Amino acid sequence: MSDVPSAEIWITIAVLAITTAATRAAGPVALGGRTLPPRVTRVIALLAPALLGALVVVLMLGSAEGGELEVDARVLGVGAAAVVLARGGTALPAVAVAAVVTALARALLGA
Amino acid sequence: MRGVNILGHPGVREGLRLGLPYALASLILGISFGVIAEPVIGPLAAIVMSATLYAGSAQFAATAVLASGGSALAAIVAGVLLNARYGPMGIALAPSLRGGPLRRAAIGQTMIDFAWAASSRGGGRFDPAFMVGASMSAYPAWVGGTAIGVAAGDEIGDPSALGLDAIFPAFFLALLVEGELRRGRPLVAAGLGSLIALALLPLTPAGVPIIAASVAAVVAGVGRSEP
């Protein structure tokens, strides 16, 4: 065990469990099950591509701590996946190529 | 939800089945969380955290804050910032949900990045049953993986050597290319969302770039109507 006090650990877990559940429930409870104005619906429909684009960038170039760009072997792996997709490949081969290329780049280049 | 009947739903079963390859990735990421978290917060807390949060990035971030000597408050802020993306993700999902508020809240609990993204059907529609199934196939892998990592500790090498951290960005890219980018506005939203995230990545705490990318949906959505 580390020297992190036990109370700090369990308070962190309890508060995060509650806030995570509340955040996951918020959108479905507030906006689900009713008809929204067309303009609102149109913006909501565009949240998926906007958030997916951001997730690609953050997972490819971000670090766990945040506040920095971290260019490493992931870029090569995701780039290789992009080539597979551009040539008409589907998600599963693209993902497999991404993992293999990233692992090889780490092994060979130490990136 | 309808309790035990849930596994009889064809959409749930499809999600369970198609989620399996990614459940394997969750297993290995869960193992790496267990390995990293056990020395910081102890074996029981690591497993309880995975079982009650089911949110990888927030768990890694909160644990990293505690490991570096940060307070519970700092760890909570880091975790809340990372999980705030479930706000806009849940808003995107909401129009596709049927039933009362309790049922909708319960379905919202199965929201993890991968299952949410994989259940997107383009044009703003989602298949909630598929999301529930895909999330259910990854949950035991995530919690069980954490337990394995806790038990195995240092015996296991560095999982990043397997290139697993490239799996999810590649998967989300594939979903964008396959499902979302057929028409004008989604392309603008995805491009702008990526640029916002890229611009904020070096400047803000983790989590903020993804939430801020929601602005791209508003910008792309309020322009003049398509011809």
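Begin by selecting B:Tyr54, which is buried, with 23 other C-beta atoms within 10 Å; here a residue is buried if 20 or more other C-beta atoms lie within 10 Å of its own, exposed if 12 or fewer, and partly exposed in between, the C-beta atoms being placed from the backbone. B:Tyr54 sits in the loop between α3 (43–53) and α4 (56–67) of chain B, where helices (H or I, at least four residues) and strands (E, at least two) are DSSP runs, numbered from the N terminus. If you display backbone torsions, phi of B:Tyr54 is near 50°, a positive value in a residue other than glycine.

Before going further, bear in mind that this is a predicted model, in which local features need pLDDT of at least 70 and side-chain atom pairs count only at pLDDT 80 or more, while totals for chains, interfaces and linings use all residues. Residues are numbered from 1 along each chain as its sequence is written, and chains are lettered from A and ligands numbered from 1 in the order in which they are written.

Staying in chain B, select helix α6 (residues 86–93), of which 7 of the 8 residues are buried, so this helix is largely enclosed by the rest of the structure. The buried residues of α6(B) are B:Tyr86, B:Pro88, B:Met89, B:Gly90, B:Ile91, B:Ala92 and B:Leu93.

Next, show helix α2 (residues 20–41) together with helix α9 (residues 128–152) of chain B, whose axes come within 6 Å and cross at roughly 35°; axes are lines fitted to C-alpha atoms, for helices over the stretch in contact, and angles run from 0 to 180 degrees between N-to-C directions. The residues of this contact between α2(B) and α9(B) divide into 17 nonpolar, 9 polar and 1 charged, with Ala, Val, Leu, Ile, Met, Phe, Trp, Tyr, Cys and Pro counted as nonpolar, Asp, Glu, Lys and Arg as charged, and the others, Gly among them, as polar.

Now turn to chain A, whose secondary structure comes to 5 helices and 0 strands. The radius of gyration of chain A is 20 Å, well over the 13 Å that the globule rule gives for 111 residues, so chain A is more spread out than a compact globule; the radius is taken over C-alpha atoms, and the rule is 2.2 Å times the number of residues to the power 0.38. Along its principal axes the C-alpha trace of chain A spans about 55 × 50 × 25 Å, and buried residues make up 48% of its 111 residues.

Within chain A, select α4 (residues 73–86) and α5 (residues 91–109), which pack at an angle of about 145° with their axes 7 Å apart. The contact of α4(A) with α5(A) has 16 nonpolar, 2 polar and 2 charged residues.

Finally, colour by chain and look at where the two chains meet: the contact takes 96 residues from chain B and 70 residues from chain A, two residues being in contact if their C-beta atoms, placed from the backbone, lie within 7 Å. On the side of chain B that touches chain A, helix α10 (residues 167–180) gives the most, with 13 residues, and the residues of that side divide into 67 nonpolar, 21 polar and 8 charged.
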